[in-house]
Amino acid sequence: MTPIRAIVRSGAAWFLPLMFALSSWYGARFTFRLGYPAGDIAQSSVGLYVAAPMTAAFMALQYRGFTPLIRPLRITRSGLLVVLRAWWPLLLGAPTTLCLAVVVAAGAVPNDLPSWSLILIDFMTVLTAALTGLACAWALPAVVAVPLAAMLWFVWVAYGPASTNLLVHNLASTFGCCSSDTRPAMVAIRATVLLLLVISLGIGCLLASSRSARIPRPLVSTVLTLLVVAGVGAGVAVLRTSGEPLTLTATEPRTTPLACRTEQGVEVCLWPENRDRTAALAAIVGEVNPQFQRLGMNTIHSLTQANGNREAASVEAGAGLSQQDLRVGVAAGYVDLQSGCRGATGPARDQLVALVALLTGMRSDDVATRLGARAASGAEDALAQGQGSPEAVGVWFRKGLPTVHCVPPG
Amino acid sequence: MMLWLRARHAWWMVAALVAMLGFDRLVGGLSLSVPALFGGGANFVFLRTYLPLIWAVAIADSFAGRGFSIEGRPALLPSVAMSRLGLLDAGLFVVASSTAAALFSGFQSGGLSGTAPVLVLSGVTCIGTLRAGPAVGAFASTMLMLLTSVYPRTAPAARFIHILQPDGEPAWSTTCGILVGLAAAGLLATNSARTRLRAAEVSAL
């Protein structure tokens with residue numbers, strides 16, 4: 001079969017552009033740009049919700065009747081080669097299309113192992129979906145195979161993030177990651193890739209013989225079920241024997257070295273993709289430090305984007321953050337550092353953060369939008385009371401620190 | 001009549017109905033996570049939402065040969081005239097789908113609105129089956145279910161897009177279900193649909 005004929009006959013000519021449009025729209029809607037390729041790609045991989053079930057269903061629809069069509073022929077080549085010659089536009093085109101859609105939606109090019117691993121999982125997931133769709137249409141009547149293949153993939157993709165089971169979470173193709181400080185857990189990636197490999201290689205082996213078209217349908221269904229069980233078993237074995245702690249987010253701390261630079265007397269350590277925010281953050285600290293000194297409060301000496309340094313104020317500097325967000329981030333990092341509670345929540349903390357945010361030069365209504373009107377008005381009252389004696393504001397701030405509600409880790 | 005019921009796979013329809021209701025009891029409450037694309041976070045949908053596809057498969061299977069004019073051959077159904085056959089098929093479709101919808105919605109809290117998914121999917125599948133074959137009928141209903149499921153709940157007109165989901169506009173969903181069902185019944189009654197087949201499908205018959 002010529003390539004052009006294969007593209008037209010498989011339906012790839014119209015299906016793949018449609019899949020690209022849907023997956024990239026879906027992925028782009030969900031993405032809050034971090035500028036961190038693994039994080040952005042993981043978020044845009046929600047395109048799998050559409051791509052995997054659609055591909056499985058379409059492959060099952062298109063493949064219907066193919067096995068009975070070639071069964072009477074005297075084929076000497078491998079059945080896998082015959083299938084690849086006829087269906088490569090869907091088997092290879094659909095995974096490639098999804099990967100392109102993810103990269104376009106994320107606006108990020110993979111540049112490290114975690115981001116390439118996520119792309120590999122996206123590719124393998126859609127390839128396996130296409131192969132299972134093919135196997136379903138081979139084993140079952142098309143009328144059953146089409147919805148069955150689509151729904152099994154939809155349930156698998158959607159159930160992973162909803163499940164409270166650690167093993168299911170770490171085997172799912174959709175990673176609930178990553179903030180700037182984390183990357184996908186390598187053990188989860190190994191387990192997921194192995195699960196997908198076992199299923200897709202198993203179907204490939206089933207197709208390999210030149211007499212594959214004559215394999216009875218019940219045998220194909222049985223083998224397909226066994227392959228799924230074997231794949232899940234292999235994935236679970238990897239997770240269980242790794243000895244690494246499993247988490248519901250399937251992430252682990254990021255190991256990329258921070259890019260540190262000292263500007264305006266402040267050491268700013270950011271992830272490499274955010275290093276262009278150094279000057280902006282140093283300028284914010286440069287504005288607020290004199291205010292702290294005037295009010296008798298501790299000044300900021302260093303900022304860090306990772307949680308490792310206990311002496312530095314922790315900040316966020318993702319690509320999607322505005323200048324106002326950066327100011328609130330510096331304020332929150334300062335309050336967390338002074339209170340000794342990273343990631344604390346509650347109205348008491350919000351009020352202290354609002355005070356520092358106002359000191360950085362933010363307008364009251366911007367503070368209210370981000371931290372709530374109550375926190376903003378409380379902070380304004382405190383600043384108004386301290387107009388006569390600036391130290392009173394510092395005293396108010398220090399009195400507020402013990403009231404911050406610490407969240408116990410884990 | 002018995003021959004006609006056998007040709008329509010009536011027992012498979014009963015089995016599909018029992019399977020749909022049984023799965024609803026057993027695993028209908030299993031929750032799935034779908035990203036909330038507008039505003040972040042996630043929404044949960046229950047597996048129950050997808051069970052009407054089982055009924056759609058039964059409809060596609062039952063009326064699979066309808067557009068091929070197979071029943072018009074004397075050797076298969078000698079005593080049934082084509083016009084009467086159309087009315088019988090339309091009657092079977094309406095009665096069976098309505099019964100399935102009523103029984104399925106009885107297991108949900110939504111009342112009458114619970115009938116909409118079964119009616120819509122029955123109609124879409126039947127029309128697809130009559131026009132392009134059973135596999136295309138099943139594919140059309142599967143894609144409808146999939147694409148409406150992933151349409152964000154906070155997106156514009158989401159209530160009107162989610163005609164198969166419990167959070168859709170009940171009156172709109174039910175109206176759509178009735179209209180699509182009537183259109184399918186009309187096609188069956190008037191024998192106006194002829195299936196166009198591909199070469200591969202003919203070999204699979």
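1. The model under discussion is predicted.

2. With that convention, the pair α3(A) and α7(A) crosses in the right-handed sense. In chain A, α3 spans residues 37-44 and α7 spans residues 93-106; their axes are 8 Å apart and the packing angle is about 120°.

3. Sorted by class, the contact of α3(A) with α7(A) comprises four nonpolar residues, two polar residues and one charged residue.

4. Between the chains, 28 residues of chain A contact 29 residues of chain B. On the chain A side, at least two residues each are supplied by α2 (12-30), α4 (48-63), α5 (66-70) and α9 (142-162). The largest share, 13 residues, is that of α9(A). Of the chain A residues that touch chain B, 25 are nonpolar, one is polar and two are charged.

5. Which partner in chain B does α9(A) cross at roughly 160°? The partner is helix α3 of chain B, residues 52-62, and the two axes come within 9 Å. The angle makes α9(A) roughly antiparallel to α3(B). This crossing, too, is classed as right-handed.

6. In the contact of these two helices, α9(A) contributes Val143(A), Val144(A), Pro147(A) and Met151(A), while α3(B) contributes Leu53(B), Ala56(B), Val57(B), Ala60(B) and Asp61(B). The contact of α9(A) with α3(B) contains eight nonpolar residues and one charged residue, with no polar residue.

7. The domain assignment divides chain A into domain 1 (3-253) and domain 2 (259-403). Their C-alpha centres are 45 Å apart. Seven residues from domain 1 of chain A and 10 residues from domain 2 of chain A make the contact. The domain 1 side of that contact has three nonpolar, two polar and two charged residues.

8. Chain A also holds an open sheet of four strands in the order β3-β4-β5-β6, with mixed pairing. The edges are taken by β3 (259-263) and β6 (313-314) of chain A; each has a single partner strand, so one side of each lacks a neighbour in the sheet. Helix α13 of chain A, residues 278-295, packs on the sheet and touches β3, β4 (266-270) and β5 of chain A, its direction making about 140° with that of β4(A).

9. The sheet's pairings can be followed residue by residue. Five bridges join β3(A) and β4(A) in the antiparallel sense, and Thr262(A) has Glu267(A) in β4(A) as its bridge partner. The hairpin of β3(A) and β4(A) has two residues between the strands, and in this hairpin Gln264(A) adopts a positive phi near 55°. By contrast, β5(A), residues 302-304, runs parallel to β6(A), with two bridges between them. Opposite Leu303(A) stands Ala313(A) of β6(A).

Conventions:
Residues numbered from 1 in each chain as written. Chains lettered and ligands numbered in written order. Predicted model: local features only at pLDDT ≥ 70, side-chain atom pairs only at ≥ 80, totals over all residues. Nonpolar A, V, L, I, M, F, W, Y, C, P; charged D, E, K, R; others polar. Axes fitted to C-alpha atoms, helices over the stretch in contact; angles between N-to-C directions. Left-handed = near helix turned anticlockwise from the far one by under 90°. Parallel < 35°, antiparallel > 145°, perpendicular 65-115°, else oblique. Pairing = 2+ DSSP bridges. Domains from an automatic or database assignment.
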